[in-house]
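Hi,

Here is the structure I promised to pass on.

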Amino acid sequence: MDDCKPPVFTFGIIADIQYADIDDGLNFKQTRKRYYRNSLRLLQKANEGWNEEKVKPSFILQLGDIIDGFNKKYDASQRALDTVVRLFDQNPAVHHVWGNHEFYNFTRGALLSSVLNSNTNQQRASDADDFYAYHFSPTHNFRFVVLDAYDMSIIGREQSSEKYELSLKLLKDHNTNEDLNHPPVFSGLEQRFVKFNGGLSEDQLKWLDGVLSEADEAGEKVTVASHLPVHPDSTDPICLSWNYNEVLSILQSHKSVVCFMAGHDHDGGYHRDSSGIHHLTLEGVIETPPESNAYGTVYVYEDRMVLKGNGRMVDRVLEYPGNLTR
């Protein structure tokens, strides 16, 4: 940017590409146009933008829904994924978050053995924990945590599993519709109880709390990434994590947390909470017109992060929490 002091490092961000080799269509509500083939061209434009940066991004944070669920209908899931990943391979490293469309296309087991499992060489939860979450440190004093937003869900779990049964019960306790993709008749935050959302299990919450406690002790600055937003003021309620309140409580109890990044809500959103944490919901590529784009580069400094957005992604200065009490 225009700062005379160079950033400690930079990274790229992008969300909800949802590529499919099909004609343009509409969203679930039939109210917004989706540009399925064009999303690939916008990703290539994003690559070109990242490669033109004076300080090349150390990694790209891909916040989920990398290909669209329609690929499953045409038996094109793997072909579509290979097409998008070839473009991402132009970058030094990519950290993949899993969204609902990953689970429309692949089983959890298939995802764990795929290129979308980017935690193989990172500090991850143990294999026995049965959720896709890990953390990594690109440089001293900075840490990133990737969460499994569909740890508790009915699209990311086998029907025979205990987590599926518990998730289905929770969903039906709050949503009486026959089609669970339709939100409950009640307004407000209850809208989050739909099939295309999910939540974090107790085990993952405990794991997150432990990672953040270690980061507190080390004096690190932590950015948490998930497909689903966890603050009601950073998204439409229909895109909110089922147990957002539990996640939020943990985040706000740790001085190390500076930012929470998510996708899912294609309109994007932003809120700085009472603890000073920035909740950034990224605009989705899939609903971005061909003449625009939706990606960003984040410049990380010792006292702040600066998001330089492209197209409909908004520029933001994300100052780290100062003397706010947690």
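Before that, the ground rules. This is a predicted model, where local features need pLDDT of at least 70 and side-chain atom pairs count only at pLDDT 80 or more, while totals for chains, interfaces and linings use all residues. Residues are numbered from 1 along each chain as its sequence is written, and side-chain values use heavy atoms, with hydrogens and water left out.

Helix 3 covers residues 77-88 (helices are DSSP runs of H or I with at least four residues, strands are E runs of at least two, both numbered from the N terminus). Its 12 residues reach 17 Å from first C-alpha to last, close to the 16 Å expected (1.5 Å times one less than the number of residues). Its buried residues include Leu81, Val84, Val85 and Phe88 (buried is under 20% relative accessible area, exposed over 50%, partly exposed in between, with a 1.4 Å probe and protein chains only). The partners that the buried residues of helix 3 pack against include strand 1 (9-14), helix 1 (38-51) and helix 4 (100-105) (contact means heavy atoms within 4.5 Å).

The largest nonpolar core has 57 residues, and Phe11, Ile13, Ile14, Phe88, Met261 and Met305 have the most contacts inside it (a core is a set of buried Ala, Val, Leu, Ile, Met, Phe, Trp, Tyr and Cys residues joined through side-chain atoms within 4.5 Å). Helix 3 gives the largest share of this core, six residues. Apart from it lies another core of 24 residues, among them Phe131 and Trp207. Ile14 touches Leu43, Trp50 and Phe88, among others, not counting residues up to four places away in sequence.

Now the largest pocket. It is lined by 28 residues, with Asn27, Phe28, Arg34, Phe196 and His266 nearest its centre (on a 1 Å grid over the protein atoms alone, a pocket is an open set of points where a 1.4 Å probe fits, with protein on both sides within 12 Å along at least five of seven lines; lining residues have an atom within 4 Å of a point). Helix 4 supplies the largest share of the lining, three residues.

Last, the backbone. Asp75 has a positive phi of about 55 degrees; Asp75 sits in the loop between helix 2 and helix 3 and is exposed, at 69% relative accessible area. His264 also has a positive phi, near 75 degrees, but His264 is buried, at 8%.

Cheers
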